[in-house]
Every structure is written in structure tokens, then in C-alpha cells.
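I would like to take you through one structure, from its overall form to a few individual residues. Please keep the sequence and the model in view as I speak.

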Amino acid sequence: MLSPLVMACVLIVGVMIGSIGIGGVLQVPVLRVLGDIPIHSVIPACMLAYLVPGILGALVYHRHGSLNWPSALRVCSGAVPGALIGALLLPSAPATILELLVGLLILGSGVDALRKRPQSEDGQLGNTGYVAVGFFTGAVSALTGAGGPLTLVPLLVWYRVPVRIVVGLGQAIQIPISLMATAGNLRTGMVDLELALSLTVILSVGVVIGGWVAHKLPEQRLRRGVAVLLVIVGAGLLLRLMLPG
């Protein structure tokens with residue numbers, strides 16, 4: 001049974017995922033530190049718990065006309081083989097170098113987004129570009145355990161895709177990554193279904209609220225909020241690597 005404090009933090013994470021796409025990176029630390037739940041129970045439960053919120057988030061953004069389905073299908077089609085290859089490479093991948101690259105990617109994208117440059121039109125990446133971004137996102141997610149939006153959002157922000165479309169694609173890419181990770185975890189019996197169900201309910205509520213908030217904020221304010229969070233998360237990841245222990 002999750003404590004009220006942990007449930008409140010998970011709800012905030014859901015709101016962040018639904019509104020700015022990034023928030024799942026905080027989920028594991030919250031459950032591990034505040035909930036005192038073993039890490040081998042936390043990660044598989046989180047991966048399963050992202051499935052329904054991803055579907056709900058995609059539907060919310062679709063309803064508001066902010067989900068570009070052709071682009072979503074491209075990034076998801078790239079994420080599937082990327083996640084498969086990432087899972088195969090996981091045993092031999094140097095975790096520290098991977099985390100360093102992810103931290104630099106997030107920090108650099110946030111700093112770049114704070115600069116005032118015009119946004120591109122969605123679709124400028126082209127079919128191959130979106131598939132490549134999806135492939136990279138799936139591979140990094142499988143290798144690091146990070147949620148899909150943590151990699152997808154900074155990449156598309158870097159390419160100046162409009163923020164609401166970016167966040168909508170971040171909702172969609174959670175679906176194939178969650179399905180693939182959960183399929184593997186179920187085979188090894190590592191999924192705590194009770195914990196996953198609790199997280200699913202709380203996150204789903206948060207994502208729906210966050211999606212509603214995102215479409216009430218002006219585009220420029222939403223973009224700046226995403227940029228600031230990218231800088232904070234990226235700097236935090238790099239700082240963690242620098243500190244001993």
C-alpha cells in the first residue's frame with residue numbers, strides 16, 4: 001500500500017508527463033526513496049504502469065488536435081526495433097557512458113530551447129527522421145531504463161518541432177516501449193502487478209489533468225516550461241554522475 005505522500009508525488013509525476021512530457025524520470029526515485037520499495041520491483045512496475053497513461057495521454061492530445069498520427073506511427077515504428085536492439089545490448093553496455101550521453105542530450109536541448117529561434121513545422125524531419133528518432137529513443141530507453149519521453153522530447157525540441165506536438169508524441173511512444181519492456185519482464189516473473197495497478201490509476205489521473213493544463217497554457221509559456229525542466233533534469237543527471245556513490 002502506497003503512503004499518501006508517495007501517491008501525491010506519483011500524481012505530480014503524472015501531471016508532468018501529461019503536460020510537458022517529462023516526469024517519469026522522477027518516478028523510480030520517488031518509489032525507491034520515499035516508498036522504500038526494492039528497485040527490482042519498482043522498474044518493471046513503472047514500465048507496465050506507463051501503458052494506460054500513454055494511451056490516455058495520446059487520446060487527450062488527439063482530442064485537442066495536438067497529436068500528429070502519421071508522425072506518431074513513425075516514431076513508434078522506430079521505437080520497436082530500437083528497444084529490441086537496446087535490450088540485446090544491455091548486458092555489455094557501459095551504463096555510466098549511456099547516462100552521461102542522455103544527461104548531455106537533455107541539458108543541451110533545454111539550453112537550446114531557451115534561445116529564441118523560430119520553430120519548424122511538424123513533419124520537417126521527414127519520414128526517415130521520425131523513424132530514426134524513434135529508433136534512438138527506443139534503444140536508449142531499453143539501455144537506461146528511462147521513459148521514452150525523456151529522450152524523445154529533448155530530441156524533437158532540438159529540431160524545433162512545436163511543443164504540444166512533441167508532448168503528444170511523447171505520450172504515444174510510451175505505448176510500444178511499455179508493451180515490449182513488460183513482455184520481457186513478465187517472462188521472468190518480475191512484475192509486481194498490485195504495485196503496477198496502483199501506479200496506473202494514479203498516473204492516469206495525473207496525465208489527464210496534465211493534458212488539460214497543457215492546452216490551457218500559451219505555447220510560448222509551455223515551451224519555456226519544458227526548456228527549464230530539461231535544463232534541471234539534465235543538470236541533475238550529470239551532477240549525480242559526478243558525485244561519489
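Let me begin with a term: a residue is called buried when its relative accessible area is under 20%, exposed when it is over 50%, and partly exposed in between, with a 1.4 Å probe and protein chains only. This is a predicted model, in which local features need pLDDT of at least 70 and side-chain atom pairs count only at pLDDT 80 or more, while totals for chains, interfaces and linings use all residues. Residues are numbered from 1 along each chain as its sequence is written, and side-chain values use heavy atoms, with hydrogens and water left out.

I turn to the overall form. The chain has eleven helices and zero strands; these elements are DSSP runs, numbered from the N terminus, with helices (H or I) of at least four residues and strands (E) of at least two. The C-alpha trace spans about 45 × 40 × 35 Å along its principal axes. Of the 245 residues, 49% are buried.

How many residues does the largest nonpolar core have? The answer is 59, and Leu2, Leu31, Leu156, Leu169 and Leu199 have the most contacts inside it. Helix 9 supplies the largest share of this core, with eight residues. Such a core is a set of buried Ala, Val, Leu, Ile, Met, Phe, Trp, Tyr and Cys residues joined through side-chain atoms within 4.5 Å. Leaving aside residues up to four places away in sequence, leucine 2 touches Met7, Leu31, Ile37, Leu195, Ser198, Leu199 and Ile202, where contact means heavy atoms within 4.5 Å.

Among the buried residues are Gly148, Pro149 and Leu156. Just after helix 8, arginine 160 takes a positive phi of about 65 degrees. Arginine 160 sits in the loop that leads from helix 8 (148–158) to helix 9 (163–187). Is arginine 160 buried or exposed? Its relative accessibility is 4%, so it counts as buried.

As background, most residues other than glycine have a negative phi. Aspartate 36 belongs to the loop between helix 2 (27–34) and helix 3 (39–49). With 61% relative accessibility, aspartate 36 counts as exposed. Its side chain meets that of arginine 32 in a salt bridge, at 3.7 Å from N to O. By salt bridge I mean a side-chain nitrogen of Lys or Arg within 4 Å of a carboxyl oxygen of Asp or Glu. The structure holds one such bridge. Arginine 32 is partly exposed, at 36% relative accessibility.

Finally, the surface. The accessible surface of the chain is about 11,500 Å², and 71% of that belongs to carbon and sulfur atoms; the areas come from the Shrake-Rupley method with a 1.4 Å probe, and for residues only the protein chains shown count as cover. Thank you for your attention.
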